[in-house]
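Me: I'm new to this one, and I'd like a close look at a single part of it. Could you pick one spot inside and walk me through what surrounds it?

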Amino acid sequence: MPDAYERHLVPVFFRPFATDLANRAATLRPRRILELAAGTGALTSALLTSVPAASVVATDLNEAMVTAGSAREPRAQWQQADAQELPFEDGEFDLVLCQFGVMFFPDKPAAYAEVRRVMAPQGSFLFNSWGPLASHGFAAAFQAALEQSMPGTAPSFLTDVPHGYSDPAAVTADLEAAGLTPAMTEEVTLKGTAESAASVATGLLAGTPVSAALQGREDAQAIQATVTQKLTERLGTGPVTAPMTATVYLAQPRV
């Protein structure tokens, strides 16, 4: 999964927003940064470029992602960590970041409380979350193709998880429950460009938990071929571009 994620999804979905978050982080002038759900390091690399004087600790719950990320971006300190039980001291970081990871936290207020704990008194929590599925051109087209290819059995992972935490009011309530105050909420739409619709299909089928729905199925290859065909019909041939919307949040400890 990390290989498909890095090869097909990171350049298209994550790198544009990593640049956006890293530039925002630079304006805060942090010295010690903690990154949660770092994946294979798209934001990690952008941070080390935008804030070269800061030290960066990159974490992920998935040990395979940590292994892949540490090999790709060895300038950061990498370790496996659960966002709901962070292995760090109180007040250790003046900036905590998370790119498209908060949606995966089972208990979001608990994770945010841990962020609050490890942040310095004047620290900041900067993160983003995907908008609704319909606001992501690639994901919406893929889900439609998947549902046509697997009528009645298509996994709803994209709708339920990555795009299932898109209401700023719900995010704000979870932050406030953890003792954090939202200082900024901004909707951002950026364009992603993929080498082909087939690349997008491969990334989402093999580089996300959607892959679990195909494991062990005799028709797995046929489904992948059909999804790829239908996605190509929707997005076009050759390099394909689509808009992607997310919300960026900046939160600080409640005084």
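Reply: Let's start at Y112, which touches V102, F125, F127, Y165, V171, D174, L175, A178 and L180, leaving aside residues up to four places away in sequence. Touching, or contact, here means heavy atoms within 4.5 Å. A word on the source: this is a predicted model, where local features need pLDDT of at least 70, side-chain atom pairs count only at pLDDT 80 or more, and totals for chains, interfaces and linings use all residues. Residues are numbered from 1 along each chain as its sequence is written, and side-chain values use heavy atoms, with hydrogens and water left out.

Y112 belongs to the largest nonpolar core, a group of 86 residues in which F13, Y112 and F125 have the most contacts. Such a core is a set of buried Ala, Val, Leu, Ile, Met, Phe, Trp, Tyr and Cys residues joined through side-chain atoms within 4.5 Å. Buried means under 20% relative accessible area, exposed is over 50%, and partly exposed is in between, using a 1.4 Å probe and protein chains only. Helix α1 gives the most to this core, with 11 residues. Helices (H or I, at least four residues) and strands (E, at least two) are DSSP runs, numbered from the N terminus.

G101 counts as buried because its relative accessible area is 3%. Its C-alpha atom is separated by 19 Å from that of A134, 33 residues apart from it along the chain.

Helix α2 (residues 42–50) is another tucked-in piece: 7 of its 9 residues are buried, so it is largely enclosed by the rest of the structure. Those buried residues are A42, L43, T44, S45, A46, L47 and L48. They pack against several elements, among them α1 (2–28), β1 (32–36) and β4 (93–99).

What about S149? S149 sits in helix α5 (residues 137–149) and, at 15% relative accessibility, counts as buried. A polar atom of its side chain lies 2.8 Å from the backbone oxygen of A145. Leaving out residues up to four places away in sequence, S149 touches I223, T226, V227 and K230.

Conventions. A polar contact is a pair of N or O atoms within 3.5 Å; within protein, one must be able to donate a hydrogen and the other to accept it, and residues adjacent in sequence count only if both atoms are side-chain atoms.
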